[in-house]
Amino acid sequence: MTEDILVPKLKSRFVEWEIPIKWPNEVFPKKDGQEYIRVEIFPADASFSGIGTLKEKSSGLIRVTVFIPRFTGSARAGQLAGDALDLLKGWGDGGLQCYAGKVYPGPQQPIWLQRNVDVKYKYNQCVEVL
């Protein structure tokens, strides 16, 4: 599963962030009123290639969602979203390559101000083995 490979790579990229991060398939002890980000991976497709041994090639979307308590200022949400976009666009690690992305507001909620960061990725497991 591509997610199992991408999450550790993303964790190493966000290692210096001091804000709590909710990762896929992990328990996250969210506290009321605490800002945090959520990382999700949405594979678009996957195929196999190689001679002898099948290796996965996939592409999709990495979404980083910033949650800031409402009425604490939208500048913080914009700053974190912009920082996440800058951290991922054009970044690569082994077989993972991230491309252009965008920041946009999430749905209006009574408790959270939300900003979404979407970055396209491609992953080629063959590159990991080289």
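In what order do the elements of the protein run from the N terminus on? They run α-β-β-β-α-β-β-β-α.

## Meet the model

This is a predicted model, where local features need pLDDT of at least 70, side-chain atom pairs count only at pLDDT 80 or more, and totals for chains, interfaces and linings use all residues. Residues are numbered from 1 along each chain as its sequence is written, and side-chain values use heavy atoms, with hydrogens and water left out.

## The overall build

You can find 3 helices and 6 strands in the protein. These are DSSP runs numbered from the N terminus: helices are H or I with at least four residues, strands are E with at least two.

The protein has 130 residues, and 38% of them count as buried (under 20% relative accessible area, with a 1.4 Å probe and protein chains only).

## The opening helix

Let's look at α1, which covers residues 2-13. From first C-alpha to last, this helix of 12 residues reaches 17 Å, close to the expected 16 Å (1.5 Å times one less than its number of residues). Its buried residues include L6, V7 and L10.

Leaving aside neighbours within four places in sequence, L88 is in contact (heavy atoms within 4.5 Å) with several residues, among them L10, F14, V64 and V119.

Definitions and conventions: Buried < 20%, exposed > 50% of the residue type's maximum accessible area, 1.4 Å probe, protein only.
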